[in-house]
Amino acid sequence: MKVNMPLVTLLSGAALGVGVLVASMLSPSSTASASSTGATSPPSPAFTVTAPPPASTASGTAPATTPTTASATAPTSAPATAPVVTPTSASAAAPATTPAATGSSSTSYVPPQADYVAQVNGGGAAVAISVHKGKAVAYVCNGHAVAAWYRGSAANGKLNLTGKNGARLSVDYRSGKAKGSLTADGVQYSFSAPMVHGVVPTGQRPPGLYEATATVDGVSIKAGWIVLPDGSQVGSVEYDPGSAIPPTAQAPLLNLATGTAQYDGVTLVASLISGLTGSGF
Amino acid sequence: MTAQPDVSSPAPDRYSLGIGKLVVPSLIGGLVALTLGVYGRLHHPTGVVVNIAGFTSAGYVKSWLATIATFFAIVQVTSALVMYGKIPRVTAPSWIGRLHQWSGRIAFLAAVPVAIDCLYGLGFQTYSTRVLIHSILGCAFFGFFTIKMLILPKRGLPNWTLPLAGAVVFTVLVGIWFTSAFWFFSTFGLHR
């Protein structure tokens, strides 16, 4: 019997589609959502891990990374190759103005005003947490379809924040780091985020959490970026953020020199949400 | 056993125009498109994507796969024009049929993972004109492609059916590319 090749092609495509679908369903960050709270998310395939520098390094030696290398070539924080971190002579001479004893001490010091950013464990997304005088704002996004904003109050160095669609974030920031877990869009992540310090190259926006809202083609959008200490960034855009389940996509590259981003011909002006200064609270 | 009409014998008069042979493939193709659309609309998008090392983000993987599919779709149309003798002073080489078949297979197989990620990770969305057009065309593409594949081995169809089906599939794919990869590259930059 003659083989019906077009039908074979169709069925091959269908089989490939089912295979990719099953692979997506079984991928670590998907299955992690079903696991119990506090579980460590295995590496997500969403992008390659760029491990954040340890807090002790960040606070002790003021490493002064050059973010331009990473951000000029990569719109998200997740270049497959690790961002080049180059100590510059100019900032090496700068004094380490970071607060002492917040780096890796294990005391139960609770900073009243602080900002934390990091990639989640496994590198599948980034998270930012800002605390300012008893109030807290947090954001997680993966530069794709996962994004969630959280708001709530702080008490005794712990946060239990909630967001839309069952998004939850619980964190303990008493040890100089913000450690905890979160759920966003049904995906669970755990994280251990070092505190953000104010040492940045001149003319650059500091690491931290940025947001911008605008109207593009008659649709209101809300963009969020997490700029990591190495200058890399992860950003997502929510469309119609007031709706129950806002569609989410990758955000355009945030220009760290100007604090703006171009999106479909509209200039988004990003503002820093800072627990240190209270801006954005 | 009771007497039955001889169902195995064809009824050539009824299908003399050949258009009747398009009914079942069209229904199946419509069902494919509808299934994808309904799934994309009902399934809650997870954002979970399978990325490939060496690319900045899943958006780039998808954009390049879509570009590969579109490139081979152009090979499709070109080789079809050669086969049909529509390009002056070019006689079809012996391998043109094989080129047409394999370029089509590659284009289709490159498009499938992109579509799965769109449906599973992002869903059928309507928040802007570009996204709405892309969602509709994306679902329609696999419907039209199914129709084309199902009518391909059939004999006795009107001459215009295959060229029309191929043209529709190609046009829809190019529309998909312009509303996704072209937009993505022009928004986020042309690189990996």
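Two strands count as paired if DSSP finds at least two bridges between them, and the elements named here are DSSP runs numbered from the N terminus, with helices (H or I) of at least four residues and strands (E) of at least two. The model is predicted, so that local features need pLDDT of at least 70 and side-chain atom pairs count only at pLDDT 80 or more, whereas totals for chains, interfaces and linings use all residues. Residues are numbered from 1 along each chain as its sequence is written, while chains are lettered from A and ligands numbered from 1 in the order in which they are written.

**Composition of the two chains**

The table uses two terms. A residue is buried if 20 or more other C-beta atoms lie within 10 Å of its own, exposed if 12 or fewer, and partly exposed in between, with C-beta atoms placed from the backbone. Two residues are in contact if their C-beta atoms, placed in that way, lie within 7 Å.

| Chain | Secondary structure | Buried residues | Contacts joining residues at least 24 apart, among those at least 6 apart in sequence |
|---|---|---|---|
| Chain A | five helices, 15 strands | 47% of 281 residues | 58% of contacts |
| Chain B | five helices, zero strands | 42% of 192 residues | 78% of contacts |

**The sheets of chain A**

Eight strands of chain A form an open sheet in the order β1-β2-β3-β4-β5-β6-β7-β8, with antiparallel pairing. Its edge strands are β1 (113-119) and β8 (187-194) of chain A, each of which pairs on one side only. The twist in this sheet averages 15° from one strand to the next, where axes are lines fitted to C-alpha atoms (for helices, over the stretch in contact) and angles run from 0 to 180 degrees between N-to-C directions. Within the sheet, β3 (residues 135-141) and β4 (residues 147-155) of chain A pair in the antiparallel sense over seven bridges, and A:Val140 stands opposite A:Ala148 in β4(A).

Another open sheet of chain A consists of five strands in the order β12-β11-β10-β9-β15, and its pairing is antiparallel. Because β12 (248-250) and β15 (271-273) of chain A each have a single partner strand, they stand at the edges, and one side of each is left without a neighbour in the sheet. Strands β9 (residues 208-216) and β10 (residues 219-227) of chain A are joined in the antiparallel sense by nine bridges, and A:Gly208 has A:Val227 in β10(A) as its bridge partner.

From the N terminus on, the elements of chain B run α-α-α-α-α. Helix α1 (residues 23-42) of chain B has 20 residues and reaches 28 Å from its first C-alpha to its last, close to the 28 Å expected at 1.5 Å a residue, the expected span being 1.5 Å times one less than the number of residues. The buried residues of α1(B) are B:Gly29, B:Val32, B:Ala33, B:Leu36 and B:Gly40. These cover an arc of only 85° around the axis, which puts them on the same side of α1(B), the arc being that of the directions from the helix axis to the C-beta atoms. They pack against α3 and α4 (129-151) of chain B, whereas B:Val23, B:Leu27, B:Leu31, B:Val38 and B:Leu42 are exposed on the other side of α1(B).

A nonpolar core is a set of buried Ala, Val, Leu, Ile, Met, Phe, Trp, Tyr and Cys residues joined through C-beta atoms within 7 Å. Of the 108 residues in the largest such core, A:Tyr116, A:Ala126, A:Val127 and A:Ile226 touch the most other members, and helix α3 (residues 96-122) of chain B gives the most to this core, with 12 residues.
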